[in-house]
Amino acid sequence: MKFKEWLKDLNYEVLQGSLDEDVDEIVYDSRKAREGAVFVCMKGTKVDSHEFIPAVVKAGVKVLVMEEKVPVPEGVTAIYVHNAREALALLSAARFGYPAEKMVTIGVTGTKGKTTTTHMIKTILESCGKKVGMIGTTGIVIGDVVTPTKNTTPESYELHEAFQTMVEAGCEYLVMEVSSQAYKMHRVAGITFDYGLFTNISPDHIGPDEHEDFDEYLYYKSRIFNTCKKGVMNKDDVHWEQVTKDASCQLYFFSMDAEGTDFKADNIHYVSQSDFVGIEFDVKGRYSLPVRVNIPGRFNVANALAAVSILSFLDLPKDRICHGLEHLSVNGRMEIVYSSEKCTVIVDYAHNAISMESLLTTLRDYNPKRLVCVFGCGGNRSKDRRYSMGDSAGRLADFTIITADNSRFEKTEDIIADIRGSISKTAGKFIEIPDRREAIRYSIAHAEPGDMIAIIGKGHEDYQEMNGVRHHFLDREEVLEAVKILNI
Ligand SMILES: CC(=O)N[C@H]1[C@@H](OP(=O)(O)OP(=O)(O)OC[C@H]2O[C@@H](n3ccc(=O)[nH]c3=O)[C@H](O)[C@@H]2O)O[C@H](CO)[C@@H](O)[C@@H]1O[C@H](C)C(=O)N[C@@H](C)C(=O)N[C@H](CCC(=O)O)C(=O)O
Ligand SMILES: Nc1ncnc2c1ncn2[C@@H]1O[C@H](COP(=O)(O)OP(=O)(O)OP(=O)(O)O)[C@@H](O)[C@H]1O
């Protein structure tokens, strides 16, 4: 294909050479440079890849896309663009034949609930017999095939490549998590989602290499409503006005509290039976549906309502939507791994104090005999998290077992000591069991009838990182193994 055809959505200036070069690939990592590829030079957080121009030309590259007017060897075509990351996104869409336009696309953003909500949407669509592609923290998912990704929202080239694979696999729908960082880094430039969903926003991802401050974070997250046709916003979020003030899509609101929104959750019940722990509520407003969701928690009412709001536009059979919600499984997100008269064991990915606080608070809605919490904190990461999570556990759980969670290059005992420092200032009872496997077994072996045990922090993660080595470790497997060994 002629390079010129890939360029048709870009504003560019030819600095040198001809646009008639034949190219068959786009490369943005010099280590993958080869003859026939166009190399897109990008200024990153660690390196500026304009410095790799001599190396990529040596490897056979004859076309460069650059955002700096640096000298290039003779015989090489040099194209100047204002923003190379945006250019990479637009070139990639053209390179793969605009695959996103061949599916119904749903983009989901928000500080919390992205993964849960995308899984809900996927499960419901599949329950309606639709083929769905999904992208997010759990990777690129097509049917049962999961391809891990480095980022929640991968780089634009990988996105369009995945979209193409989805179209080839017969997917009619795409549901993906769109991080604020993806907007900042132009990973989704040029994509107009058919539907955009904003779950909520609270301070997060602020710091070096992420966002300067909350305003910047909110600005980039809000871009979803400038890059979708129909947008759905959570009106219970205190920032809803700020988020939607520049929206250019057709906007709808959902709520658990506010009256008069397009979609409303009514008659909310928290159900705890030995064979079903979850939520029941009625969707009212533009769409009516009584739903029963087999994952617990107040915030999952919001997540399920958000998912149903989006799906209400798609003319799907209501009984299949209900079926999908009742048979959900979201890997490591409020996942009920074991439930009997003896106890209910939940695995959840809450990995900061805000999430832990809302998790423990909402589990109280189920009136457990005792709320038991098993958690640790990561090594070589901010110590604040240890203090704030220790404080939350101490205040909100009846009993806490402090353990390991990716200690990395720190000693687990030192991390536990930091957590002890804050939990011991509360009235909460706790013990320390550094080995996470032992901690999980202890929590189940000592359960009292009616207890709820929340194994927190690792969710879907299938490893425990110690001294730079990742050992296989999955909370779900450990719970099931403990149940087997203890014969309960
Ligand atoms: C800060 C940030 O977002 N960095 C992302 C960015 O890396 P970068 O461009 O800054 O990296 P760099 O190493 O400086 O490289 C610059 C350029 O030189 C090229 N290069 C580099 C080395 C070399 O030898 N040759 C070469 O050509 C690189 O391919 C790149 O094009 O582009 C990479 C490719 O897309 C991303 O993987 C990387 O994400 C890093 C790993 C990251 O940690 N990102 C986090 C902040 C992130 O994006 N998080 C969000 C939010 C998650 C959530 O909400 O929970 C996410 O979507 O994952
Ligand atoms: N709507 C929500 N509001 C608040 N907390 C939530 C919500 N949904 C999920 N959570 C909590 O946050 C954790 C992460 O949820 P989820 O993975 O769905 O969110 P995410 O937006 O993908 O988060 P992350 O960016 O941290 O991966 C869950 O394990 C749960 O404890």
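What follows is a tour by topic, from a sheet to a helix, some aromatic rings and a few single residues.

Keep in mind that this is a predicted model. Start with the open sheet of five strands, whose order is β1-β5-β4-β3-β2, with mixed pairing.

- Strands of a sheet pair through backbone hydrogen bonds, and they can run parallel or antiparallel.
- The edges here are β1 and β2 (25-27), each of which pairs on one side only.
- On average, neighbouring strands of this sheet are turned by 25° against each other, if you ignore direction.
- Strand β1 (residues 13-16) and strand β5 (residues 77-80) run antiparallel and are joined by three bridges.
- To find your way along that pair, look for Val14 opposite Ile79 in β5, and for Gln16, whose bridge partner in β5 is Ala78.
- Strand β4 (residues 63-66) runs parallel to β5, with four bridges joining the two.
- In β4, Leu64 sits opposite Ala78 of β5.
- Helix α3 (residues 84-95) lies across β2, β3 (37-40) and β4, and runs at about 155° to β2.

**Helix α13 and its buried side**

- Helix α13 takes in residues 412-423, and at 1.5 Å a residue its 12 residues should span 16 Å; the end C-alpha atoms are 16 Å apart, so the two agree.
- Which residues of α13 are buried? They're Thr412, Ile415, Ile416, Asp418, Ile419, Ser422 and Ile423.

**Aromatic rings**

- The model has nine aromatic pairs.
- In one of them, the ring centres of Tyr195 and Phe313 are 5.6 Å apart and the planes are at 15°, so this pair is stacked.
- Tyr195 belongs to strand β11 (residues 193-198), while Phe313 is in the loop between α9 (298-311) and α10 (318-326), so the pair ties together parts that are 118 residues apart in sequence.
- Are these two buried or exposed? Tyr195 is buried at 11% relative accessibility, and Phe313 is buried at 18%.

**A buried lysine**

- Lys122 is part of helix α4 (residues 114-127).
- With a relative accessible area of 10%, Lys122 is buried, because the cut-off for that is under 20%.
- Setting aside neighbours within four places in sequence, Lys122 is in contact with Val132, Met134, Val141, Gly143 and Val175.

- Most residues other than glycine have a negative phi.
- Asp315 isn't a glycine, yet its phi is positive, near 55°.
- You'll find Asp315 in the loop between α9 and α10, where it's exposed at 73% relative accessibility.
- Asn406 isn't a glycine either, and its phi is positive at about 50°.
- Asn406 lies in the loop between β20 and α13, but this residue is buried, with a relative accessible area of 3%.

Note on methods: Residues are numbered from 1 along each chain as its sequence is written. Chains are lettered from A and ligands numbered from 1 in the order in which they are written. This is a predicted model: local features need pLDDT of at least 70, side-chain atom pairs count only at pLDDT 80 or more; totals for chains, interfaces and linings use all residues. Side-chain values use heavy atoms; hydrogens and water are left out. Two strands pair if DSSP finds at least two bridges between them. The expected span of a helix is 1.5 Å times one less than its number of residues. Buried means under 20% relative accessible area, exposed over 50%, partly exposed in between (1.4 Å probe, protein chains only). Axes are lines fitted to C-alpha atoms, for helices over the stretch in contact, and angles run from 0 to 180 degrees between N-to-C directions. Contact means heavy atoms within 4.5 Å. Rings of Phe, Tyr and Trp (its six-membered ring) pair if their centres lie within 6.5 Å; planes under 30 degrees apart count as stacked, over 60 as edge-to-face and the rest as tilted.
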